[in-house]
Each structure stands twice: as C-alpha cells, then as structure tokens.
Amino acid sequence: MTVTSSPQWTVRSRSGRISLRLHRRTVWVAVVLVVLCFAVVLASLLSGNYPIGVSDVFRALGGHGTLQQRYFVNDVRLPRVLVALLVGAALAVSGALFQSLSANPLGSPDIVGFNNGAAAGALVCILLLKDSSLAATGIGAVAGGGVVAVLIYLLSYRGGVRGYRLILVGVGVSALLSAGIAYLLSRANLNEMLNAQIWLVGSLNGRSWEHAWILLAVLVVVLPCAFLLSKPLLTLELGPDSATSLGLPVGAVRRRAITVSVLLSAVAIVCAGPISFVALAAPQVAKRLARSVGPSLSISALSGGFLLAFADLVAQRLIPGSQLPVGVTTLVLGGLYLGWLLVGEMRRGRA
C-alpha cells in the first residue's frame, strides 16, 4: 500500500487496482472531531450528582468497581451519551442531504416539516392509540414523515422540483402540522400533555441501551445509502439541467435523498424527540471546517454527534440539581446560529 503526498492523500493497494482519495484537511478535521467526541463522552461519564473518578470510570467500563459505579457508568450515563452521539449524527446527515438537495443552508428536516410530520405520526400513536412503545412510535414517525415528504414533493413539483420551491412548500406544510400537533395536545389529559410536551422539545432523559441499539442498527443500514448519494448530490448542485446533461437521473436521486433523510430524521425523533437546529447547523459547521464543495457527510455526522452530546452535557449541568431537556439548549444554540447566518448573508448583500 502506498500513500502520495499532496493536498489530497491517495491511498493505493500494491496492485494499484484499489485507490482511495482523501482530502488532507478533511482527515485532520475528522481526527479532531473524534477526539472531541471522546472528550465529551468522558466528561459525561465523570460528572453528575454521583461523581466518579477517571480510574473508577475505566474500572466500571471493564466490569469492575462498586455496584453503584457500574450502574451509573454502564446503565445510566454511557447509553445516554451514545444515544446523543448517534441521534446527532443521524440529524446532521439528514440535514446535509436536504441542504444539498435544496441548495439552501436553511433547508433542513426541522424547517421544512419532515420532523413535524414524524412527530405528528408518533403523537397519534402516543395520544390517540395509547401506545407509547418504541415499535409503535417508530412506525408512526416513519409513516408521518413519509406521508409529509410525499406531500411536499408533489406540491412542489412543477415540471421538476426546485430547491426554493421545496423549502417554501415545506415551511407551509410545517406550519399546518404545528397546528395539528397543538390540537392533539389540547385533546390529551394533563399528564399525557405534559409528557408529550417534554418529548416534543427533545429530551435524552432516561435513554437506555434499547434506544442505542435501535439507532445503531438503523444507522448501519441507512448511512451507507447516504454516503452513496454524495457524488450524485455533488453533481446535482451544478443544477438540474447540467446534471441531466451529464446523465444523472435527477428525479431518482432526489427521491432517494428525501427517503434517506426522512428515515434518519424519523429514527432520531423516535429515540429523542424532534430536537431542533442540529440538522440545520451541523452540516454548515462541517462544510466550513472541511472547506468542502459538496455535502461532507462524514464530517457532518461527527459534528452533529459532538454538538448534541455537548448540548446535552450543558443541559444536565447548567442548573445544579435540575436537568433541562436537551432541546432547550439546542434552541439557544440554533438561535445564535441563525443570527450568525443572517449577519453573514447581510455582509454578502444577500439579505
């Protein structure tokens, strides 16, 4: 195996039949983000109402230490932070796909209605069908997100699908879904409404290994499908006419990207609720860090995982003796991000 030195690293097998081109900056950014993810995992395992030392954490991970240490590390804190990393990665990749598809930094599942559709489907199961199991809410979320995705696609189709039209239609559908969600909450009893409202903000409280394994199983299947769409989406960013002239099946690529985006959003919503702004901000952060032209899905996944895990750590420790839903923290970060994005657009004369 040989590696060539240049702004891009090219890794070739000895026979030369297999080669892999790696952007040097992307590799270093990925390494830094992996280190940051490990750091936030360690901080999450160490801190809490029952503080545990570094050596005790590693002993508990190895199955040693006291019963309390093993319980808090292996059964409470570790599954929660892993769920945060996986949900953040799922939301970030979903957002990166849709932003590339719509060619707009404001294009994300939580802005255009996919998240509201999945949330409405899950709430129908929880509040109307009285079934709050993971299986039922999962089916409801996928069905709700899928129906909304098809509706938005059909309403925005006028001799083809344009990015700005897709976003405008999605914002309108999202507003209608918000009204429907408010109606469902108004028909529920007080306890159901309070629990559903906390879930709608987005929370990682009480997340267990069951949630982590479900997320991992879905991501192992769906993420490779997302990565296979990277090059077609990069070609699509040249414009539908140019992409068609290059032989790209534009309609098929769009449908596949929307499907993958909805699946990733749905599984994240089932396990953590409709957490806002991670899908919006993480892909743009990744794009600026990697300085990539098209969607940088691997960096987006790492950025989203770190952002959500860090936001959850802040939500747990910000107010001593009280744990905020992580969605509150991401809403604050999202508001700051939108302000920064608006200032940038104004400086470029676009707003």
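Predicted model: local features only at pLDDT ≥ 70, side-chain atom pairs only at ≥ 80, totals over all residues.

User: Where is Phe 277 found?
Analyst: Phe 277 lies in the loop between helix H12 (250-272) and helix H13 (278-290).

User: And is Phe 277 buried or exposed?
Analyst: Phe 277 is buried, because its relative accessible area is 15%, and the cut-off for buried is under 20%.

User: What is said about its phi?
Analyst: Phe 277 has a positive phi of about 75°, although it is not a glycine. Most residues other than glycine have a negative phi.

User: What about just after H13?
Analyst: There, Arg 291 takes a positive phi of about 55°.

User: Turning to H13 itself, what should its 13 residues span?
Analyst: At 1.5 Å a residue they should span 18 Å, and the end C-alpha atoms are 18 Å apart, which agrees.

User: Which residues of H13 are buried?
Analyst: Among them are Val 278, Leu 280, Pro 283, Gln 284 and Ala 290.

User: How do H13 and H14 cross?
Analyst: The axes of H13 and helix H14 (residues 297-317) come within 8 Å and cross at roughly 125°. H13 is therefore oblique to H14, and the crossing is right-handed.

User: Which residues make the contact?
Analyst: From H13, they include Val 278, Ala 282, Pro 283 and Leu 289. From H14, they include Ile 299, Ser 303, Gly 304 and Leu 307.

User: How many are nonpolar, polar or charged?
Analyst: The contact of H13 with H14 has nine nonpolar residues, three polar residues and no charged residues.

Terms used
Residues numbered from 1 in each chain as written. Heavy atoms only, no water. Helix = DSSP H or I, 4+ residues; strand = E, 2+ residues; numbered from the N terminus. Buried < 20%, exposed > 50% of the residue type's maximum accessible area, 1.4 Å probe, protein only. Axes fitted to C-alpha atoms, helices over the stretch in contact; angles between N-to-C directions. Parallel < 35°, antiparallel > 145°, perpendicular 65-115°, else oblique. Left-handed = near helix turned anticlockwise from the far one by under 90°. Contact = heavy atoms within 4.5 Å. Nonpolar A, V, L, I, M, F, W, Y, C, P; charged D, E, K, R; others polar. Expected span 1.5 Å × (residues − 1).
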